Amino acid sequence: MKVQGKVFKFGNDVNTDVIIPARYLNTTSHQELAAHCMEDIDPDFIKKVQAGDIIVAGDNFGCGSSREHAPIAIKASGVSLVIANSFARIFYRNSINIGLPILECPEAVAAIAEGDTVSCDLGEGVICDLTTGKSFKAEPFPEFIQKIIADGGLMKHLTKD
Amino acid sequence: MAMTMSQKILAAHAGLEQVKAGQLIDAELDLVLANDITGPVGIKEFEKAGGKKVKDKGKVALVMDHFVPNKDIKSAQQCKLCRDFAAEQNLENFFDVGEMGIEHALLPEKGLVGAGDLVIGADSHTCTYGALGAFSTGVGSTDMAAGMLSGRCWFKVPSALKFVFKGKPAKYISGKDIILHIIGMIGVDGALYKSMEFFGDGVKHLTMDDRFTICNMAIEAGAKNGIFPVDAQTLEYMNGRFKRSPRIYMADNDAEYDDEYEIDLSALKPTVAFPHLPENTRTPEEWGNIQIDQVVIGSCTNGRISDLRMAAKVLKGRHVKKGVRTIIIPATNEIYLQAVKEGLVETFIKAGAVVSTPTCGPCLGGYMGILAENEKCVSTTNRNFVGRMGHVSSEVYLASPYVAAASAVAGRLATPDEI
């Protein structure tokens, strides 16, 4: 699975409250959630983001609440991949379960700048910054997790056959 | 090979003699929990997967606590979805208005969780039940749906950090100060993916409510779970409540820990987490003059009877400063009734506070105490992220019930000694 898009860059400890504030948790609609994605950290994010774009962030991305609404909002906003130094554990598991691709790669986080165009082969874990020509290698997920993500999440994966 | 307390519980539920850190296991669950925010997402996933019946209708708990009594039509719809599902599935543990309480205070009180249990909940503060010697951890709605369907969940066995408590807590020092001190020391990702295991002579001086508060905020250090050993106090708490037999696991003496910290409880000072991260902790000499607009005392972190007693001790015979909206929220109806019987509610109302029905409302900026632009709140809740309790420019200071009550009286961040 290959993805490509423009980079939105964020810092450390981006928490689930800024990814999707609780005032919008009275719905399960993916599109409604996406409309408020990252609202409290970058109010214009949802106006700027385009299908395929990539989030690059620092340590402990997705810390805080267990709300699955957070990776759902990111995925439904069109984001194709989140690259971070590290992920909070519930967010990490939720992302796999709902089929949002994520990768840990501190070297890529350090080198990639806001607005760069980046492509990634999720199967290989190879991240290419097409703006600077640099490439990085992240540890790809084992095949069974890649399949869950490719199928669009755990439930879709389990009910596929 | 030696195991930690957390690892022993996981091994037992996976039917294995031994597990080691990093191992992937499939384990049988004692309880699966969700609330009115995460439940609807989980129920839809359950149905999407073709789920017809939950594996065990006695091992699923649905607690309507975040936005109830409902704040708007959309949240009413969310509760209705849960209510209909509970009826259709004949769930034994569905808690609606009148029976509900804040989930992590309610489930221990009802005896639905206890020592030796393995529990997952679609709420990050599910780690609270470690106070009872259970392995409990927060998951998302999809894992919760899979848990309802199969009664099982896969886990990566965590390594652990060891915290050894020495001595007796100093005056006005509660579980909240202890856990904030720890988060300040190791950071919001200091225990990422790991267990936090609490030991030492100091443990016996901590009430069950202190222990609930400490385990509750393990997630604020990124931990998978927090856990206390079972002692006489734990057994006394579960006696007459817990529906099953306690299963007591102790860490092996030679169990391996990634790191060990010794904490002298007698040397701790009142500790407050300043905006906008729980790790941004400061003690009174570093507070300065923080003028406040609101105080919230409650939540799954500090809404238990001991917390209300601490607040009442400070507020008795005093009045909150004019202009400081003081909102007190007993976490369950049983706690509320006890507070009425003890005269705490009268103390609060005479002091100029309001006492609310149980709800998570203000903690996550849902309702019942939303902050306006630039407002500051001292709160006994668990998170102080940007915009957590309202406007993005508002600020939350996380504190113990003692400090929150004293601040309400002083109109600024203050300790009980200052008023």
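**Notes on the two-chain model**

1. One of the residue pairs to look up is Ser195(B), whose bridge partner in S10(B) is Asn225(B). Please keep in mind as you read on that this is a predicted model.

2. That pairing belongs to an open sheet of four strands in chain B, with the order S10-S9-S8-S11 and parallel pairing. Which strands stand at the edges? They are strand S10 (225–227) and strand S11 (259–264) of chain B; each has a single partner strand, so one side of each is left without a neighbour in the sheet. From one strand to the next, the twist averages 20°.

3. Next, a helix pair in chain B. Two packed helices are described by the angle between their axes and the distance between the axes. For helix H6 (residues 175–186) and helix H7 (residues 208–216) of chain B, the axes come within 8 Å and cross at roughly 25°. Angles under 35 degrees count as roughly parallel, and H6(B) and H7(B) are therefore roughly parallel to each other. The crossing of H6(B) past H7(B) is right-handed.

4. Which residues meet where these helices touch? On the H6(B) side they are Gly175(B), Lys176(B), Ile178(B) and Ile179(B), and on the H7(B) side Asp209(B), Asp210(B), Arg211(B), Thr213(B) and Ile214(B). Sorted by class, this contact has four charged, three nonpolar and two polar residues.

5. Now for the domains of chain B. The domain assignment gives domain 1 (5–263) and domain 2 (272–418), and their C-alpha centres lie 24 Å apart. Between them, 33 residues of domain 1 of chain B are in contact with 34 residues of domain 2 of chain B. On the domain 1 side, the elements giving two or more residues are helix H4 (103–109), H6 and H7 of chain B. H6(B) has the largest share of that side, with six residues. The domain 1 side as a whole divides into 13 nonpolar, 12 polar and eight charged residues.

How values were computed: Residues numbered from 1 in each chain as written. Chains lettered and ligands numbered in written order. Predicted model: local features only at pLDDT ≥ 70, side-chain atom pairs only at ≥ 80, totals over all residues. Pairing = 2+ DSSP bridges. Axes fitted to C-alpha atoms, helices over the stretch in contact; angles between N-to-C directions. Parallel < 35°, antiparallel > 145°, perpendicular 65-115°, else oblique. Left-handed = near helix turned anticlockwise from the far one by under 90°. Contact = placed C-beta atoms within 7 Å. Nonpolar A, V, L, I, M, F, W, Y, C, P; charged D, E, K, R; others polar. Domains from an automatic or database assignment.
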